[in-house]
Amino acid sequence: MTISKKDVEHVAKLARLGLSEEEKEKLTQQLNDILKYAEQINQLDTDKVPPTSHSIPMQNVFREDEAKPCRNTADILANGPQTQETTFRVPKMLE
Amino acid sequence: MSKKYEIVIGLEIHAQLSTDSKIFCACSTKFGNEPNSNICPICTGQPGVLPTLNKKVVEFAVKTSIALNMKKIKGESIFSRKQYFYPDLPKDFQVSQYDKPLAEHGEIEIEVDHSPKKIGITRIHLEEDAGKLVHVGSDRITGSDFSLVDFNRTGVPLMEIVSEPDIRSPEEAKLYVQELAAILSYLGVCDAKMEEGSLRCDANISIRPVGQKEFGTRTELKNVNSTKALKDGLTAEVERQIEALESGEKIIQETRHYDEKTGKTIALRSKEEAHDYRYFPEPDLVPLVISDAMIAEARKDIGELPQAKIKRYVEKLNLSAEAADTIVAGKDLAEFFEKCLKSSDKAAELSNWIIGSVTAYLNEKKIGIGQSKLTPKKLVAMLNLIEKGTISKKIAKDVIVQLLETEKSAEEIVKASGTTQISDESEIEKIIDEVLAKNAKSVADYKAGKITAMGFLVGQTMKATKGRANPGLVNQLLQKKLSA
């Protein structure tokens, strides 16, 4: 499996990244290197190994359904580039 | 609708789960608070936070899975990140379940034209709700100057229920949603009110010539906020698709919106690019594994479901199917009805009052029975007054409105208004004598063999007592006097 420049452009667009031609070339190369590195795993027989979705062997970590007051709402709001009263203000989404 | 085409509909239902806290953090799920007052670093996706799954969300989903007859509940399910950009999504991804949903392969039964029909359920999965946007400068997103974002809803637990494309008409779609809403509300896992957004519905719809195996191109109808709008919207969309095909046009796969004002569906701006959410497992949430013990525990908690309740009302309490349907359709009505039955055995009479005067009043005021002042105790007491002959049914119709509106008991209302039924023979006799004196012609008619004159005289007596005379007694006394 290889990654083409077109793939990089597609993913960059989805991630809203503006890449220069130079960066596209560089990232295509780097991503292919990473893939090649990961491909080493194909040398092993992994038929009996279940696909790994998580790196730690844990399951069913729960919390009880208890609502607690939210203390730092003002700090969170302060992270917004623009706010209006207690709402985040965002520019128009569709022309 | 055309006989030439077959309609194929599949529904995706999003049910907001009635938990106290959000799915992955301890923020309150309460609706209507000041914007951004129920937010925390976890649900707004600040760096370095660790989400933890709400146990109750899992219990609710397992309960629902059992009630919807899901074949696969036991085993592993995985949370994934669904990535897209939108201002109502603070993390720029929604935590959802993708390739390993919580449950798969179920079905529910609906009744279509008095015969049962099974609708398959493809899957049930868990996810988090997004925030709320208010578009300023226009009532729609297009044309607005800017938008305001409230993250209070962000992270409220959602359960998505996806049906198989088994639905064959807009009416069936409506029945399916109603049945599902009833089940969810009886399970106590969701308010299931489309008008309030606790139940949301997206419909995939296509048509195909009768006999054709392959599905036609489908469109998606989004944002309908009542079962009526769902049915009307689907009907309008079917008509549009038939017209398009008949005139040789192609159906384009797109998202459409039903405009209740015009009764037509309109295309929403289609996305420039096909969905590409790049799902991957959410590393911060470990796999969820449902065990037999968890399923057994959830099963204990499932009460009587709507279909079983209707059946019991009809078979054991001898209610009509219509009456049973109406009462069971509202969980609060059914609970009210059953509380009444604890101190009364007049099931038929109780159900008549509940689906008659009571429902009419509640519908008019647009409130639930819980918001009225009527209690099971008050209704049963009124029925007892009718039985004892203290009030007539006619008077009771006025009394019930006051029972719904005020704290007063039936007895207090009746006493205060002097509308107790007159069952005193001498009192009624006195009134009858007056009526007979005033209506000598009718008396003569009756004596000459015109039986119908009797009805008129009964009516006059009732009128003279403003409906308070005991009708049985009036009849009896009149007969006696006229044949004397």
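Predicted model: local features only at pLDDT ≥ 70, side-chain atom pairs only at ≥ 80, totals over all residues.

At what angle do helix α1 (residues 55–67) of chain B and helix α4 (residues 292–300) of chain B pack? Select both: the angle is about 75°, with their axes 9 Å apart. Since angles of 65 to 115 degrees count as roughly perpendicular, α1(B) and α4(B) are therefore roughly perpendicular to each other. Now show side chains. From α1(B), pick V58(B), E59(B), V62(B), K63(B) and I66(B); from α4(B), pick M294(B), I295(B), A298(B) and R299(B). Those are the residues that make the contact. Colour them by class and you get 6 nonpolar, no polar and 3 charged.

Chain B has a mean of 91, and 97% of its residues reach 70 or more. Chain A averages 91 too, with 98% of the residues scoring at least 70. Within chain A, look for helix α1 (residues 5–14) of chain A, where confidence is lowest at a mean of 92, and for strand β1 (residues 62–63) of chain A, where it is highest at 97. For the model as a whole, the scores are ipTM 0.90 and pTM 0.83.

**Zooming out on chain B**

The domain assignment gives domain 1 (5–295), domain 2 (304–417) and domain 3 (425–483).

**Next stop: α7 and α8**

Select helix α7 (residues 331–341) of chain B along with α8(B). Their axes are 11 Å apart, and the packing angle is about 140°. That makes α7(B) and α8(B) oblique to each other, and their crossing is right-handed. What meets what here? On the α7(B) side, show L333(B), F336(B), F337(B), C340(B) and L341(B); on the α8(B) side, show A347(B), L350(B), S351(B), I354(B), T359(B) and L362(B). By class, this contact has 9 nonpolar, 2 polar and no charged residues.

**Last stop: α8 and α10**

For the contact, α8(B) brings E349(B), W353(B), S357(B), V358(B), Y361(B), L362(B) and K365(B). From α10(B) come K393(B), A396(B), K397(B), I400(B), V401(B), L404(B) and E405(B). Colour by class once again: 8 nonpolar, 1 polar and 5 charged residues.

Methods:
Residues numbered from 1 in each chain as written. Chains lettered and ligands numbered in written order. Heavy atoms only, no water. Domains from an automatic or database assignment. Contact = heavy atoms within 4.5 Å. Helix = DSSP H or I, 4+ residues; strand = E, 2+ residues; numbered from the N terminus. Nonpolar A, V, L, I, M, F, W, Y, C, P; charged D, E, K, R; others polar. pLDDT = per-residue confidence, 0-100. Axes fitted to C-alpha atoms, helices over the stretch in contact; angles between N-to-C directions. Parallel < 35°, antiparallel > 145°, perpendicular 65-115°, else oblique. Left-handed = near helix turned anticlockwise from the far one by under 90°.
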